[in-house]
Amino acid sequence: MVGLPISPREALEPYNASGQAREIDAGELQAILMMLATTISDGSIWVETEAELQTITPAAGKYPGGRVTKDPDPEKNGDWVYRHDLEQWVWVSGFPDTMARLINVGGTGDNITADLATSINPAIVTTILFTPIANNPGPVELEIGTADPVSILSPTGTPLGENALIAGVPTWLSPDGDNWRIAFPSNMVAQVQTYLAAALVAQEGAETAQGIAVSAAASAADKVSKSGDTMTGALVLSGDPTDDLHPVTLQFFNANSGAGSVTGGGSIYVSKSELEAAEVAAATKTVQVAFAVKNGSIAGMFERVDSEPSHLAKIRSTDRFISDGSPDATNGGWWENKNIEVIPQFCGCSIGEETVDDTAAIQGCYDLGRTVFVPTPVTAYKITGTLILKTQGQIIRFENMRETLIRNSTTSAPLLYVGDPNAVDGYAQAVELINANLEGNALTTSGFTIWGKEAVNAETGVSWNSSSRNCTIKNLNVNEVGAGKAIRIYSWENSFIGTRLYSNNYQGILAEWEAQANAFFDTYITDCDQESIILGSNGICRLNTFVKTVAQQSGGTNGCIDIDGENNSFDGLYSEANNSKSSPCFVYVQSAATTTNIENLTHLSGGAIVIKDDGNNTKMKNILSNSNLTAAIVKLETNSSKAVLENIDHAIGTTVPDIIWDNSTDQNATLIGSRTGFSTGFVQDTYHASDATGSGCILNDDGSADFARNNGVVLFLNRQGSDGAVAYINQAGSNEGQITVSGTTVSYVGGHLARFFQFKGRKPKKIYKGTVMSNTDEMCSWTVKRKNPKNRKKLIEVTEDNEQLNKLEVSAEAGDTNVAGLYVAEAFDKDGPMDHLLAMTGDFVVRVQTGVHIARGDLLESAGDGTARPQTGDLAGVVQSGTIAKITSATPTRTDPDGMIVYPCVVMGC
């Protein structure tokens with residue numbers, strides 16, 4: 001009978017007998033993995049004899065488990081695995097270490113009934129797996145087949161308490177006299193199967209498989225210990241627990257013997273302190289130690305060494321043996337970690353309750369230079385100094401991008417560096433950082449930094465030959481950097497994917513010195529006190545790309561995004577509340593910037609200008625505002641040159657222009673997609689119509705225009721050649737009036753002279769055009785908002801000067817000598833209602849009571865009820881102080897809803 005060519009301990013041993021590193025042979029590992037796989041990958045083959053099994057040849061690349069159940073030679077009964085290199089089946093292990101799954105589980109929570117498959121001999125079953133159908137209310141009895149009921153006990157041998165069995169959760173039982181005892185946590189089989197399945201996938205990677213096997217064994221041991229039992233060794237699972245016809249074998253191996261151990265031998269310790277207190281046998285070369293983390297435990301493999309390791313991933317046991325088994329009182333008892341992927345806990349890190357300073361432990365873990373996995377802490381890992389990544393190609397992986405947090409809540413130290421700026425050639429290239437979550441405080445001077453040689457030389461004076469570059473940063477969270485930049489990039493060709501800056505950073509992302517060809521994808525920045533993104537304050541900043549970026553609710557002296565440098569581009573920008581922290585605009589392109597490209601920008605809210613361009617060859621395309629801005633979408637500043645503006649538009653109505661041209665020397669700007677010329681809105685200079693100062697002209701896309709000038713004529717109208725109309729005034733397409741010139745005479749055609757007024761007291765609920773109005777002694781008062789001369793960013797309320805306009809009321813006295821004129825309508829400007837208008841002189845209409853005789857040429861006075869009547873008496877044809885109008889036609893123009901008749905007239909109010 002052919003056995004395995006090498007024991008699992010020998011196959012997975014990383015060092016030979018002389019202590020030298022050895023290559024792990026892929027063929028040897030394959031044999032071990034085949035043993036581990038058995039039926040997990042392809043199902044098992046059941047036969048009665050070994051001879052029958054040897055006649056079966058599995059397909060190439062398949063490694064099914066075989067089971068011989070009734071061979072005349074008892075030593076041939078047991079589990080087998082097929083070796084393609086030997087072209088025969090190889091015996092793995094025998095009976096009776098057999099685990100069976102109960103079928104037909106029924107009964108109640110405290111009285112369970114079940115059966116064994118008919119192919120299973122109950123006499124050889126030493127471990128049972130079954131799935132309860134209900135939670136237990138208290139002590140439980142189990143009846144298997146026709147056997148007498150027996151008790152199920154707790155791991156400590158006592159009757160079960162309430163809910164010790166959970167419906168639907170697989171449970172392991174081991175013999176306890178005539179009874180059964182809960183042996184292992186219910187999730188152990190699933191966990192071990194997961195590890196073994198992963199090991200199968202890693203058949204070509206011996207070192208990876210070794211780490212998986214170690215983790216499987218140590219994690220299982222830790223869980224066994226926690227269940228109340230004690231086990232030293234490892235376990236191998238074969239068979240399929242979901243197959244009712246075939247039992248599953250769970251084999252235990254003595255760790256110190258090394259026979260069949262999937263971990264390469266060595267004792268298993270449930271904690272670092274347990275190993276520290278242990279007298280480990282001299283022959284033991286490796287041990288596995290479980291380290292507690294928030295969500296369970298993670299195993300580390302430690303190897304006996306000849307002296308104290310220089311790094312922190314070390315443990316000293318009570319014995320004083322060195323690697324050859326001899327005692328050494330000075331150097332003996334030391335173990336160092338050999339995992340390919342390490343965790344900070346191997347170096348003394350806490351589980352993250354923020355009660356101890358974990359700076360040194362985490363840094364020590366990084367300094368191992370291996371792949372680092374950072375488990376989720378209870379709350380956060382506390383640090384007080386700067387963590388530094390120094391190893392080329394190192395991978396740092398946090399378990400959870402939201403919950404795995406490293407926090408400095410007390411000092412001003414930067415949080416994390418890629419490269420050591422204080423070490424000669426301290427750069428670290430091709431680093432990969434995944435799911436990192438960093439948090440500072442109000443004093444923190446910087447968050448995450450990728451150092452480049454120019455920046456190092458400028459800031460520390462240290463000389464580097466190259467830079468920390470070609471790094472990949474995925475799902476980086478940086479928050480609470482209250483006194484500096486959350487992210488600084490001083491080098492080139494780095495990729496940032498899923499960056500998140502959520503809260504209380506002083507500034508967001510800075511790229512300068514040698515920031516070239518960096519790529520940012522899916523970036524979210526909010527709540528920075530100052531700029532969200534700064535490109536190119538020092539040195540070179542070119543060819544940096546931002547795709548799908550949110551930058552909102554942040555500040556900035558020049559703008560929320562401040563751009564310098566060459567050929568930097570943004571594709572897919574979202575802006576919200578862009579002036580919430582007094583930033584003058586969302587994007588500012590500096591005068592030294594060249595060939596900046598901004599495409600597909602959506603601005604949701606905030607009144608500040610969206611883009612200010614002072615650069616050269618800036619391209620702006622598909623810039624959309626969904627907000628009623630208080631300024632333009634785009635402003636071309638004084639130095640703007642050769643700008644290209646394509647599809648600049650408001651999605652909703654607004655009273656401000658799309659584009660402002662601020663005394664620019666740029667005569668070469670290109671507009672693409674404008675509706676008609678500058679109809680998208682064009683401004684020469686900048687001002688707002690409500691300003692008491694400032695000057696400029698605005699042609700708005702709603703058809704309106706604003707003009708303002710200090711100390712000079714605002715509007716020139718010059719008709720060359722013949723006399724005629726200078727301006728037409730239309731309403732709804734119909735001409736209602738003109739301004740004409742004839743020789744030296746200017747005529748204002750089709751109108752009357754009117755004034756603003758306010759009502760004394762309440763305005764009548766209903767008032768009609770042509771109602772007779774009377775003067776009062778109370779003056780009108782208007783309050784408007786103006787810019788505060790002491791702070792131009794704020795508005796104050798100011799009462800306008802009024803020397804001549806008094807309040808009015810409806811005339812209530814017949815023959816009233818205080819008549820002021822005839823009511824026109826509410827007065828409107830671009831901001832809404834502005835009190836009322838009164839016709840004083842010129843063509844208009846007047847209301848007269850029904851039945852009152854009216855003739856052309858009648859002079860009218862107040863009738864005392866808001867209507868007019870003809871003057872009577874000797875002075876009926878004489879204009880008097882009470883005369884309000886003169887009838888120009890006895891033909892009524894309309895009848896109002898209250899029955900009053902309306903006649904055309906010439907207003908003569910005074």
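Biologist: Is asparagine 470 buried, partly exposed or exposed, and what is its relative accessibility?

Modeller: Keep in mind that this is a predicted model. The class goes by relative accessible area: under 20% is buried, over 50% is exposed, and partly exposed is in between. Asparagine 470 comes out at 29%, so it counts as partly exposed.

Biologist: Which strand holds aspartate 522, and what is its phi?

Modeller: Aspartate 522 is in strand β36, residues 519–526. Its phi is near 55°, a positive value in a residue other than glycine. With a relative accessible area of 29%, aspartate 522 is partly exposed.

Biologist: What about a glycine with a positive phi? Where is glycine 743?

Modeller: Glycine 743 is in the turn of a hairpin formed by β53 and β54, with two residues between the strands, and its phi is about 65°.

Biologist: How do β53 and β54 pair, parallel or antiparallel, and over how many bridges?

Modeller: Strand β53 (residues 734–742) runs antiparallel to strand β54 (residues 745–749), and they pair over five bridges. To see it for yourself, find valine 741, which stands opposite valine 746 in β54.

Biologist: One more: where is histidine 84?

Modeller: Histidine 84 is in the loop between β3 (78–83) and β4 (88–93). Its relative accessible area is 25%, so histidine 84 is partly exposed.

Notes. Residues numbered from 1 in each chain as written. Predicted model: local features only at pLDDT ≥ 70, side-chain atom pairs only at ≥ 80, totals over all residues. Heavy atoms only, no water. Helix = DSSP H or I, 4+ residues; strand = E, 2+ residues; numbered from the N terminus. Buried < 20%, exposed > 50% of the residue type's maximum accessible area, 1.4 Å probe, protein only. Pairing = 2+ DSSP bridges.
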